[in-house]
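The sequence and the structure are shown first.

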Amino acid sequence: MYNFKFKKLLIINIFHLFLFFNISNAEIVNKIIINGNERVSDATIIVFSSIKLGDTINEEKLNQIVNSLYDSNFFDNISTRFDNQQLTITVKESPIINKIEFQGIKSKTLLDSLSKNLILKSRSSYNIYQLELDKLQIQNQLKNRGYYYSKIQIFTKTKDNNTLDLIYDINIGDKAKIKKIKFTGNKIFKDSKLKSIIISEEYKFWKFISGKKYLNENIISVDNRLLKNFYLNQGYLNVIINSSFAKSIDKDSFELIFNIDADKRIFFNDLTLKVPSDFDK
């Protein structure tokens, strides 16, 4: 019992000592110096850093300053130094995107669609993380149009005044065809019936106008809802569309597979109609 109390008292004293040490090592900022900036003003950097003269500063606060400045997406590199109540923030500004070019795509409609939702635009700061998000966005849009084999290469051309041109070189490839549609599991109904329910279609050479013969994630999502609604309307209230996935058959064709568990059909027992006693038959 004595040992327990002694250990508890020791832990409390260590905590108070640690707290006193942190407080005593926290100092007041009396001067702020900004180095390395050209486009972004000193005042703007100070606003982004959330620091001002008279603030108390310690190691944790210095880390917060660096993180806040990185979050602004204006800088490639940031360092801080605090000495003799003077805070020095040194930055390296990110290049400004002069213009964005798309190579390999001729359709203006497709180009407009691909560029509309991009994060990086002309006159914005170049950011590698956001560039990767934009690349993923373009790939997903192309997949939604059936271009599952598209390849994207990104190049930059350095210009004067810390600017650059951003170039997307895109090879969209051939559209991914749905060669076969298959239904597995406890599906109850024949494949021919289920195929008539969904939007996706098997590729046939005479269907040169229809876009439903190409693999499209958005259409497949609609197919899942159509199948579920069909089973619900047939009395299979516990139906589960377990999965819908595409299996590659060859270089430009897929087999679209829906796995279905219809479960048992639900029936009503005796039905009765209760009406008010004064109901006019």
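## Basis of the description

The structure is a predicted model. The remarks that follow should be read with that origin in mind.

## A hairpin of two strands

Strand β10, covering residues 240-250, and strand β11, covering residues 253-261, run antiparallel and are joined by 9 bridges. The two strands form a hairpin, with 2 residues between them. Within this pairing, Ile-240 stands opposite Asp-261 of β11.

## Aromatic residues

The count of aromatic pairs in the model comes to 11. One of them is formed by Phe-48 and Phe-74, whose rings are tilted, with 5.6 Å from centre to centre and 35° between the planes. This pair links distant parts of the chain: Phe-48 belongs to helix α2 (residues 42-49), whereas Phe-74 is in the loop between α3 (59-71) and β4 (75-83), and the two are 26 residues apart. Phe-48 has a relative accessible area of 27% and is therefore partly exposed. Phe-74 is also classed as partly exposed, because its relative accessibility is 29%.

A further pair, Phe-183 and Phe-258, is stacked, with 5.4 Å between the ring centres and 15° between the planes. Phe-183 is in strand β9 (residues 177-186) and Phe-258 is in strand β11, so the pair ties together parts that lie 75 residues apart in sequence. Both Phe-183 and Phe-258 are buried. Elsewhere, one aromatic cluster is made up of Phe-189, Phe-230, Tyr-231 and Tyr-236.

## A buried serine and its polar contact

Ser-200 is located in the loop between α6 (191-195) and α7 (217-233). This serine counts as buried because its relative accessibility is 4%, under the 20% limit for that class. The side chain of Ser-200 is joined to the side chain of Asp-223 by a polar contact of 2.6 Å.

## A nonpolar surface patch

On the surface, a nonpolar patch is formed by Ile-119, Tyr-129 and Leu-133, which together have about 310 Å² of accessible area. Leu-133 is part of helix α5, which spans residues 128-144. With a relative accessibility of 34%, Leu-133 is therefore counted as partly exposed.

Technical notes. Residues are numbered from 1 along each chain as its sequence is written. This is a predicted model: local features need pLDDT of at least 70, side-chain atom pairs count only at pLDDT 80 or more; totals for chains, interfaces and linings use all residues. Side-chain values use heavy atoms; hydrogens and water are left out. Patches are made of residues with over 30% relative accessible area and no salt bridge: like charges are joined within 9 Å, nonpolar side chains (Val, Leu, Ile, Met, Phe, Trp, Tyr) within 5 Å. Accessible areas come from the Shrake-Rupley method with a 1.4 Å probe; for residues, only the protein chains shown count as cover. A salt bridge is a side-chain nitrogen of Lys or Arg within 4 Å of a carboxyl oxygen of Asp or Glu. Helices (H or I, at least four residues) and strands (E, at least two) are DSSP runs, numbered from the N terminus. Buried means under 20% relative accessible area, exposed over 50%, partly exposed in between (1.4 Å probe, protein chains only). Two strands pair if DSSP finds at least two bridges between them. Rings of Phe, Tyr and Trp (its six-membered ring) pair if their centres lie within 6.5 Å; planes under 30 degrees apart count as stacked, over 60 as edge-to-face and the rest as tilted. A polar contact is a pair of N or O atoms within 3.5 Å; within protein, one must be able to donate a hydrogen and the other to accept it, and residues adjacent in sequence count only if both atoms are side-chain atoms.
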